[in-house]
Structures are given as structure tokens and as C-alpha cells.
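Dear colleague,

I am passing on the structure we spoke about, and I would be glad if you could look through it alongside the notes below.

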Amino acid sequence: MSTYNLDAFLKPASVALVGASRRAGSVGAIAAKNLAAFPGRVFLVNHHLAPDADAGVYPAVDQLPSAPELAIIAVPAPVVPSIISDLGKLGTRAVVVLSAGFSETSAGSAGKTLLARLLAAAHVTGMRILGPNCIGILAPHAGLNAGFAQVLPPPGRIAFLSQSGAVLTTLIDWANARGVGFASMVSLGEMAETDVADWLDFLATDAQTDAILLYLESVTNARKFMSAARHASRLKPVIVLKSGRSPAAAKAAASHSGALAGGDAVFDAAFRRAGIQRVATLMHMLEAAETLAHAQPLQGEALALVTNGGGMGVLAADQLLAVGGRLAELGAGTLAALDAALPAAWSHGNPVDIIGDAGPDRYRAALGVLLDAAEVDAVAVMYCPTGLGGPAAAAEGVRAELGKHPAHKPVLASWLGPVAAAAARQPFAGLGVPNFDTPEALVRGFMQLATRQRQQVHLSETVPAFPLRGESQRQEVRRLIEGWLRDGVDWLDEADAKHLLAVAGFAVNESRRARTPQEAKTVALAMPGPYAVKILSPDLLHKSDVGGVALNVETAEEVARVTAGMIGRLRTAYPDARLAGVSVQRMVDRANAQELIAGLTLDPVFGPVIVFGAGGVTVEAVDDTAIALPPLNVNLARDLVERTRICRVLAGAKGRLQPIDMDALLALLVRLSELVCEFPEIVDLDLNPVLAGPDGVIALDARVRLRPASGNAIDRLAIVPYPRELEQPFQLPDGTRCRLRPIRPEDETPMREAFMKLSPESRYLRMFGMLKELPHEMAARATQIDYDREMAFVISEDKPAGQAALYGGVRLISDANREYGEFAITVIDTLAGHGIGRRLMKVIIDYATSIGIREITGFVLSDNLPMLALCRDLGFQLTSTEGGIIKVRLRLR
């Protein structure tokens with residue numbers, strides 16, 4: 001991630017257009033016209049134009065009188081690298097390359113060579129490049145249209161990033177027609193240097209941006225994208241429209257898990273994990289812009305509907321309930337207040353139908369009651385055209401009532417019909433009231449606010465404790481995998497796959513291999529029946545293709561006959577298939593149990609993904625699965641389960657079906673995630689079926705595919721997992737054995753308990769204020785970190801996270817460029833003065849050095865004399881700031 005110099009795209013003091021033209025209709029002419037309104041200094045560069053210093057016209061870049069902060073290039077591709085070089089020598093910080101001709105698709109290997117030269121020239125000075133082959137960048141607050149978009153939209157608080165110029169210019173037209181303002185609009189082009197993730201990082205902390213819209217066609221670096229998206233969505237809403245939905249990836253899959261994890265479904269899972277809301281159509285994105293531009297954030301989801309047309313109110317209510325929304329249940333006091341304010345024929349419920357002849361006073365009265373109602377979290381006001389009350393007057397009534405409630409709860413509107421909508425636009429402007437064309441659009445707008453609130457709650461949920469897999473288990477799994485790979489094994493058969501899983505801690509139904517019918521009989525005689533018999537062949541994708549599964553086989557003799565039949569059918573149907581024999585296993589009691597599937601497959605963009613859902617032989621036909629990106633914790637595993645239809649069955653049915661052991665199922669999914677994160681050699685895995693019942697879960701069948709790993713375990717993951725390799729033993733002064741380790745999400749409760757052990761003075765010195773307890777939301781954010789951009793080490797008891805007490809910790813948060821980091825440190829009072837703080841500071845300094853941080857800083861109260869002395873001793877420079885706070889700074893490189 002790098003936000004370096006991106007501010008020069010949006011707030012330049014000067015701009016140069018290289019390739020300016022007076023030829024009507026040319027890109028250079030349109031871009032020059034667009035720059036005419038820019039209030040800063042503008043240079044127009046073209047050797048075909050007559051030089052005119054007074055008009056800012058120059059024949060070449062090297063003849064400019066000063067360095068433009070931003071340059072726009074609209075010249076043929078072959079000369080662009082040399083222009084980039086000349087601009088770099090002047091000191092230009094950012095360049096928009098409008099020119100095309102740099103991709104292999106359009107220009108072959110010559111285009112690729114040109115692009116390499118362009119990037120090399122920019123890299124010399126750290127210049128940032130937008131494009132090539134883009135429309136440009138628009139910054140309405142700065143009066144900047146740096147490109148050939150038709151016009152600037154109004155200034156506002158929304159940013160828009162687009163991988164399509166056509167989508168961007170369409171949104172401009174719509175925004176101007178609706179009066180929706182934008183803080184910035186960025187046409188990303190081919191993303192040769194700056195990409196989606198860079199801009200998400202920048203906009204996440206941009207003071208002029210309250211929300212981000214994103215049109216996405218592809219992701220080129222999944223790790224970078226996920227880290228930036230997770231960071232941005234914690235701070236402000238991010239809405240994405242992703243194109244390119246295609247089942248092609250599923251058709252090429254080689255397992256159930258692969259077939260169920262189509263490419264677009266993986267994007268859905270990635271967006272969900274990142275906290276991004278996805279919309280389905282361009283119109284929905286435009287509606288999202290309307291919502292984000294105007295509406296207040298929700299504090300709850302209980303919606304009250306006000307309408308002068310009962311039918312439209314019912315349509316809106318139906319749509320709300322169909323998509324998982326909630327109508328407010330109006331209390332007795334609210335109903336009485338509405339009775340007093342409305343005609344006797346009003347609906348006496350929610351939706352609040354105020355009758356077709358409603359005028360502004362009735363709208364005002366109903367809205368006022370609902371804004372004061374504690375059981376109502378938001379109000380949606382609708383107007384249906386009638387001959388009895390005008391749309392402008394009704395809108396004025398809403399406006400007048402909102403004027404009496406300056407800190408009102410969210411209000412949304414739907415003035416139906418183009419005439420009514422136009423009449424309402426002016427009264428609603430600036431009131432924080434988005435206006436929608438249809439009841440369905442109104443509900444979608446409200447649900448975007450509701451989804452945002454749900455995401456924030458979900459992100460801060462306390463994570464239950466869950467122990468990591470033991471080191472001895474990990475080593476044994478490693479030994480097995482390396483042995484199979486040495487022997488050239490690709491797909492493990494069922495017996496080997498189950499052995500691997502059993503060693504890794506999964507409950508499996510033991511399978512014994514037999515190569516002949518007689519061997520199968522002998523194996524069966526050694527275990528109680530009835531039996532299950534399954535064909536074993538590395539060349540057979542699905543056993544059912546040759547009738548290769550037999551259940552409830554009663555006797556050993558029948559096991560032998562079944563085995564002979566399976567082998568014969570395999571030889572007939574697939575004469576070249578390799579035969580490893582059959583597996584014989586004891587049947588498992590299926591009473592009160594459900595067949596599930598759990599697996600993993602590799603996505604070409606996001607790497608490993610976890611698949612879960614309804615299993616058995618009909619798994620693909622039933623198509624009831626959900627997908628998640630690893631790593632998983634218990635909460636994320638539960639969310640994965642709850643996104644399937646079979647989840648309702650797993651919860652049980654009163655008097656008919658007992659609930660399954662959900663803790664055991666969640667443990668299986670977390671263990672599966674650990675396997676994915678720890679062993680990159682595992683590239684495909686199916687547990688199907690997994691039998692889940694009241695007494696636990698057990699895998700009845702399994703397939704595992706191995707491949708030699710390239711790189712380390714985390715290289716293929718889109719989200720960095722817990723860095724177990726950074727754990728180390730730690731001993732307290734009294735000899736207590738502890739662990740110094742990275743923080744885990746499960747540490748939230750122990751962190752809050754440790755905070756309570758701090759003296760009031762220590763809390764003040766650490767938090768720069770009096771805080772009686774550490775709020776849940778703050779502790780959740782402090783423990784659920786992105787290890788790719790943040791690190792926190794804690795001293796904990798030598799117990800599983802969530803069960804282990806914490807004695808102190810140190811944290812480092814780096815900037816998106818990974819050049820600067822800010823540290824914070826806490827040690828409980830009983831350990832103060834024993835050198836614990838010094839040891840923690842050395843740990844975080846070493847860690848910062850190892851990841852290339854240039855400088856770390858911290859802020860210390862001037863009263864915290866021991867900490868200031870420690871910083872001086874470690875080589876920090878101290879600088880006084882306002883409010884009795886000392887900034888400490890240590891240069892690392």
C-alpha cells in the first residue's frame with residue numbers, strides 16, 4: 001500500500017497538460033478546455049503551439065518555468081516515457097496518463113516494453129502515475145477536471161473509483177441531474193502504478209471523503225486489496241459494483257468444493273469479509289450514492305413508513321420484510337399521539353397511512369410523532385401523486401418538521417413519479433434526506449444503512465476462545481505431507497486423507513484399505529458391521545460415477561461381493577484408471593444427523609477459500625453452500641454456517657429434530673482454516689459427507705490433493721493469518737512462565753480485565769484521560785488487527801488465547817507506505833520497574849526494523865517521567881508539543 005504523493009492528484013497548486021491542442025474534438029483540446037476553470041496555475045505544452053508565456057503555453061516540458069505538481073499527458077504512447085523522465089527532473093509529483101497503447105492486448109510486446117520504461121522513469125523520483133488509458137481525475141472541491149470527462153460534478157462528500165471510464169462519465173451525468181456531489185472521481189485505467197488499494201488507503205483518511213463508491217472489474221493483488229478494503233470500511237462506508245459475473249471457473253473445477261466456489265461467489269465472500277457492501281446494478285450504485293450523500297447513519301433498524309397511499313406503503317413494507325428489514329412496532333404512546341394528530345381513518349399501524357388528502361400539516365404532524373418515538377430508529381416518508389395535495393407542499397411540510405429536530409434520526413423519502421420527485425428535490429436539498437423514485441429503491445437505500453450498521457457490529461463482536469493446534473500435531477502433519485510428496489502422490493485416497501485429518505485433530509470414520517475382494521472380507525471380519533465400502537482410485541473424481549459407494553453392507557461375505565462388483569465396473573467404465581483397492585469402514589449411525597460438506601479450493605485471485613453447506617451425493621444439485629476466506633475464528637465460522645439454508649435445519653425442529661452440536665461444527669471449520677493457513681501444499685480438500693448430529697461431527701469421506709509449495713505458507717493467502725512464528729517464551733520476574741506473542745481476537749476479554757488492573761494514574765498516562773473501563777468496541781478493535789499493517793505483542797499466561805491473563809503489551813501501527821509507525825505500550829502496575837517495558841520496546845523496535853519501517857514515533861505525557869527516561873535511553877529524540885504531550889521519535893534507517 002502506498003499513499004505517497006496521491007494528494008497531488010486532488011489538491012495540486014499547478015497543473016501541466018502535455019499534448020494540449022486547439023483541434024476541436026481532440027483529447028488535448030477537451031482537456032485544455034476543462035483546465036480553464038482550474039484556479040491554480042496551468043501550463044499548456046505542445047511544440048505545435050506558438051509559445052506564449054503569458055498564456056502559459058510552452059513548446060516542451062524542459063522549458064517550463066517551474067515544476068507542475070500534477071501533469072496530464074495526452075500524447076502518443078512512444079514518447080510518454082521520455083516526458084515522464086523530463087517531468088521527474090523538474091520535480092512533478094503526480095502524472096495522469098490519458099494515452100493508450102501500453103497493454104499487451106492492444107499493443108503487443110511493444111506496449112509492455114513501453115510500460116516498463118514509463119514505470120522505470122517514474123520510479124526514479126517517486127512520481128505517482130494514474131492510468132495509462134484513463135479518462136482522468138476530477139476533484140470538484142479544487143475545481144479540477146484533469147482529463148477529458150465532459151464536466152465536473154458538484155462538490156460533495158463521496159469518492160468514486162472506477163475501472164471503467166464509461167461508468168464514471170455516466171455517473172457524472174446522473175450526479176449533475178440529481179444534485180449529488182462528489183469529493184473526487186478517479187478513472188483508474190490500466191492501474192500500471194496506482195491501483196484500487198492505494199486509493200482506498202488514501203481515501204480512508206481523506207477528510208473530504210465520507211463514503212467510497214467503487215466500480216470494479218478485476219483485482220490484481222488480493223492481499224493488498226483486502227488489507228486496504230478492510231481498513232477503509234472500518235472508517236467509512238464502501239460500496240462496490242463488480243462486473244464480470246461468470247460460471248466459467250466453476251466448470252473447470254476438479255472437486256465438489258471447486259465447483260461450488262465459482263469466481264464471482266468468491267468475490268462476494270471477499271467483499272463480505274472486507275466489510276464492503278456489494279450492489280447488483282449501476283442503478284443500485286446510483287441509489288447508493290443518493291443514500292450516502294444525504295442520509296444520517298443508523299443507530300437501529302426499526303423503520304416507520306409514512307405514506308399518503310396505502311398500497312405504496314404496503315409494497316414498501318413487503319419489500320422491507322422480504323430483504324430482512326424490520327418494521328417498527330409502534331408503542332401505545334406513539335399510537336395515541338398519532339390518533340390525536342391524524343384523521344380517524346388513518347391506518348392505526350405501521351405503515352402509517354395518513355390518507356390521500358394529506359397536506360403539509362399532516363405530514364409534519366406524523367413525522368414529528370415518529371421522530372420523537374423511542375421505538376423508531378428511522379422514518380421513510382412517501383408521497384403518491386393525488387389531486388388533493390401537492391408534492392411541493394408535502395415536501396415543505398417534511399422540511400419544516402425536520403427544522404424543529406436538528407439532530408434527527410435518519411429520514412428517507414420517496415416522492416413517486418418524475419413530477420413529484422422534481423418538486424421535492426429543492427426542499428430536501430441539504431436536509432440529509434435522500435429521495436428515491438420507487439418503494440423498492442427506498443427500501444434498498446434503507447437496507448444499505450442497515451447493512452452498514454450490521455457490518456460494524458459484526459466487526460466488533462467478542463471472539464470466543466479457541467486453542468491453536470498443538471505443535472506436535474503440526475509436525476506430524478508436516479511429516480506425512482512431505483512423505484507423500486516425495487513419493488509423487490497427488491490426490492490422497494480416502495484412507496490416506498482420513499489418516500492425515502485424524503492426525504490434524506479431525507474426527508473421522510476410520511477406513512481400512514483392501515486391494516482385493518478377499519482382503520476386503522478379512523478387513524471386515526476384524527470390525528463390527530454393518531459396513532460401508534468405497535472404491536479407491538486416484539483417477540476417479542466422484543465415486544458415484546461407477547457405483548463406487550455401498551452402504552449398510554451387512555456381512556463380510558457381502559463386503560467381498562460388493563468389492564468385486566465395484567472393481568469390475570471401474571475396469572469397464574475407465575479401463576485406464578489406476579486402482580488402489582477399496583476402503584472398508586464401519587457404518588455410522590445417521591439418526592438425527594445431517595450430511596454436510598466442508599472443503600477448500602484455490603481461487604485464482606484470492607487463493608484458498610473455505611466452502612461449507614449441505615452435503616451428500618446431491619451437493620451440487622442442492623447448491624446450498626457459502627464461502628469464506630481464511631483465516632477463520634469462531635465468529636467467522638458461525639457466520640459462514642448461518643449463510644446457508646441448512647443452518648435452520650441444524651438448529652433443530654421442536655419435537656422432530658434435535659439441534660446438532662454447533663460448537664463441534666464450528667471447531668471443524670476453524671481447524672480446516674488452520675490447515676489451509678499452515679500447509680500450503682494442500683490445494684484441494686473435500687470432507688463430504690460430514691455427519692453432524694447432537695453428539696458431534698464426523699467426516700465419513702475425504703479427498704485431499706497435494707502440490708509442492710512455492711514460497712512460505714502465507715504467500716497464497718489474501719488475508720495474513722496469525723503469525724505463530726513470532727511467539728516466544730517469556731518469564732516474569734517471579735519466575736512465572738509466560739508467552740510473548742502477537743495479539744489474537746480472542747484476547748478482548750483478558751485485555752479489558754488487564755485494563756481494570758491498572759491504577760487510575762496508569763490509565764491516565766496510557767489513555768491521556770480518565771477512563772474507568774476499556775469499552776468493548778475499543779478492545780475489539782485493538783485485538784482484531786490486520787497483521788499485514790499492524791502488530792501488537794502481549795505478555796500472556798501460557799494458556800490458550802481468551803483464557804490467558806495479559807500482563808502487558810506493545811503495539812505498532814504503520815502507515816500505508818510502511819515507512820512510519822506509531823507505538824504504544826502498557827504494563828500492569830505490579831510489573832512496573834522490573835524492566836518489562838524495556839524488553840517490550842526492544843521487541844517492537846526489532847519488529848519495526850525487520851519489516852522496513854523507517855521511523856517510529858510515540859506520544860508521552862510530560863508527567864510520565866519513567867517512560868520519557870526509557871525513550872531517551874533507547875535513543876529516541878524528544879520534542880515538546882501542545883497540551884503537555886511529548887513526541888518521541890526514533891530513526892531506524
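What follows concerns a sheet with its helices, and then a single arginine. Please keep in mind that the model is predicted.

The sheet is open and has four strands in the order β20-β23-β21-β22, with antiparallel pairing. Its edge strands are β20, residues 512-514, and β22, residues 549-553, each of which pairs on one side only, and the twist from one strand to the next averages 25°. Strand β20 runs antiparallel to β23, residues 581-586, and is joined to β23 by three bridges; within this pair, Arg512 stands opposite Val584 in β23.

Two helices are in contact with this sheet. Helix α19, residues 494-503, packs on the sheet and touches β20, β21 (531-536) and β23, its direction making about 50° with that of β23. Helix α20, residues 517-525, lies across β20, β21 and β23 and runs at about 150° to β20.

Turning to the arginine, Arg93 sits in the loop between α3 (80-90) and β5 (94-97). Its relative accessible area is 22%, and therefore Arg93 counts as partly exposed, since the buried class ends under 20% and the exposed class begins over 50%. Leaving aside residues up to four places away in sequence, Arg93 touches Asn5, Asp7, Ala8, Pro68, Glu69, Gly126, Met127 and Arg128. With one of these, Asn5, the side chain of Arg93 makes a polar contact of 2.8 Å. Ala407, by contrast, is 314 residues from Arg93 in sequence and 42 Å from Arg93 in space, C-alpha to C-alpha.

Notes. Residues numbered from 1 in each chain as written. Predicted model: local features only at pLDDT ≥ 70, side-chain atom pairs only at ≥ 80, totals over all residues. Heavy atoms only, no water. Pairing = 2+ DSSP bridges. Axes fitted to C-alpha atoms, helices over the stretch in contact; angles between N-to-C directions. Contact = heavy atoms within 4.5 Å. Buried < 20%, exposed > 50% of the residue type's maximum accessible area, 1.4 Å probe, protein only. Polar contact = N/O pair within 3.5 Å; in protein donor to acceptor, adjacent residues only side chain to side chain.
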